[in-house]
Amino acid sequence: MKKYNRIMLGRNSCFANECISGSYIGADFDINEDLTGHLPEDWHDFNKKYIPVYLANRPDKSKTAAGLACGFLHTICKDLKIGDVVLSPDGKGYYYLANITSDYYYVPNTNLPHRRSVKWLDKKIKRSDMSKELQNSIGSIGTCSNATKFADEIEMLINTANTPVTTPVTVLKKATYI
C-alpha cells in the first residue's frame, strides 16, 4: 500500500530549496555514518542500536528525544518505499509533492546526509485547501508525519492543484527536459 508522509526538510524547511534542486529528501540527526546494511525492518531494532549513538553525539538531549529522532530517521531511510508520496512544506503555506524514486543512500559532510531520491511534482498544494483534519495531522511537531489515512484527499488535491512550482523545481525541469 502506498504511504503518504509529511517530511520536514530541515528546521522550518530551511533546506527545502536545496532538496528540491537536488531531487532528494533527507535527514541528519547527528548520526554521522552510512546506514547502508544497518536498517532493519523493525524500527525498534534500529532505535536499540542508534539511540546510544545519537546520545553520544547529543548529550544535551533526552532518551525520549533520541528515540523520536531515530524513529524519524528510520522512517525516512527505510520505512518509506519507492513510489510513496512525500509532502514537504515550503514555510509559506504550500506543500511540495514528490514520489520516492530510490532506496537510502548516504552523502557525508552535507546538511542532510541520509537521503532518498525523489521526483518532485510540478505543482504545490495550498495548506488552506486541505481539510482541518489533514492540516492537523501533517502540522504535528517532528520531522515525519504519517498522512496515509488521508490518501484519498491528498490524491484529490494533487489532481486539482493549480499552483505551479516557480522555485528551483521549474528551473531543474527545464534544464533536465529541454
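Which residue in β6 is the bridge partner of Ile25? Arg116 is that partner. The pair belongs to a predicted model of a protein with six helices and nine strands. The radius of gyration is 16 Å, close to the 16 Å that the globule rule gives for 178 residues, so the protein is as compact as a globular protein of that length.

**Overall build**

- The C-alpha trace spans about 45 × 40 × 30 Å along its principal axes.
- Of the 178 residues, 46% count as buried.
- The accessible surface comes to about 9200 Å². Carbon and sulfur atoms account for 53% of that surface.
- The protein carries 23 positive and 19 negative side chains. The centres of the two sets lie 4 Å apart.

**Strand β2**

- Strand β2 covers residues 24–27. In a regular strand the side chains alternate between the two faces of the sheet.
- Both faces of β2 are covered. Tyr24 and Gly26 are buried on one side. Ile25 and Ala27 are buried on the other.
- β2 pairs with β6 in the antiparallel sense, over four bridges.
- Ile25 has Arg116 as its bridge partner in β6, while Gly26 stands opposite Arg115.

**Gly26 in detail**

- Leaving aside residues up to four places away in sequence, Gly26 touches Met8, Leu9, Ile76, Leu112, His114 and Arg115.
- Ile76 in that list is one of the buried residues of helix α3.
- Ser13 is 13 residues from Gly26 in sequence. In space the two are 11 Å apart, C-alpha to C-alpha.

**Strand β6 and its partners**

- Strand β6 covers residues 114–120. Six of its seven residues are buried, so β6 is largely enclosed by the rest of the structure.
- β2 is one partner of β6, in the antiparallel sense.
- Strand β4 (residues 94–100) also pairs with β6 in the antiparallel sense, over three bridges. Here Ala98 has Trp120 as its bridge partner.
- Strand β5 (residues 105–106) pairs with β6 in the antiparallel sense as well, over two bridges. Here Tyr105 has Arg115 as its bridge partner.

**Helix α3**

- Helix α3 runs over residues 63–79. An α-helix has 3.6 residues a turn, so residues three or four places apart point the same way.
- Which residues of α3 are buried? They are Ala66, Gly67, Ala69, Cys70, Gly71, Phe72, Leu73, His74, Thr75, Ile76 and Cys77.
- Which elements do these buried residues pack against? Three of the named strands are β1 (4–7), β2 and β6. Strand β8 (144–146) and helix α2 (43–57) are also named.

**Loop residues with positive phi**

- Asn12 sits in the loop between β1 and α1 (16–22). Its phi is near 55 degrees, a positive value in a residue other than glycine.
- Asn12 has 67% relative accessibility, so it counts as exposed.
- Ser23 lies in the loop between α1 and β2. Its phi is also positive, about 60 degrees, although Ser23 is not a glycine.
- Ser23 has 24% relative accessibility, so it counts as partly exposed.

- Asp28 is placed in the loop between β2 and α2.
- Asp28 is partly exposed, with a relative accessible area of 24%.
- Not counting residues up to four places away in sequence, Asp28 touches Asn111, Leu112, Pro113 and His114. Leu112 and His114 are also touched by Gly26.
- Gly10 and Asp28 are 18 residues apart in sequence. Their C-alpha atoms are 8.6 Å apart in space.

Technical notes. Residues numbered from 1 in each chain as written. Predicted model: local features only at pLDDT ≥ 70, side-chain atom pairs only at ≥ 80, totals over all residues. Heavy atoms only, no water. Rg over C-alpha atoms; globule rule 2.2 N^0.38 Å. Buried < 20%, exposed > 50% of the residue type's maximum accessible area, 1.4 Å probe, protein only. Areas by Shrake-Rupley, 256 points an atom, 1.4 Å probe, with all protein chains shown as cover. Lys, Arg positive; Asp, Glu negative; His and termini not counted. Charge placed at Lys NZ, Arg CZ, Asp CG, Glu CD. Pairing = 2+ DSSP bridges. Contact = heavy atoms within 4.5 Å.
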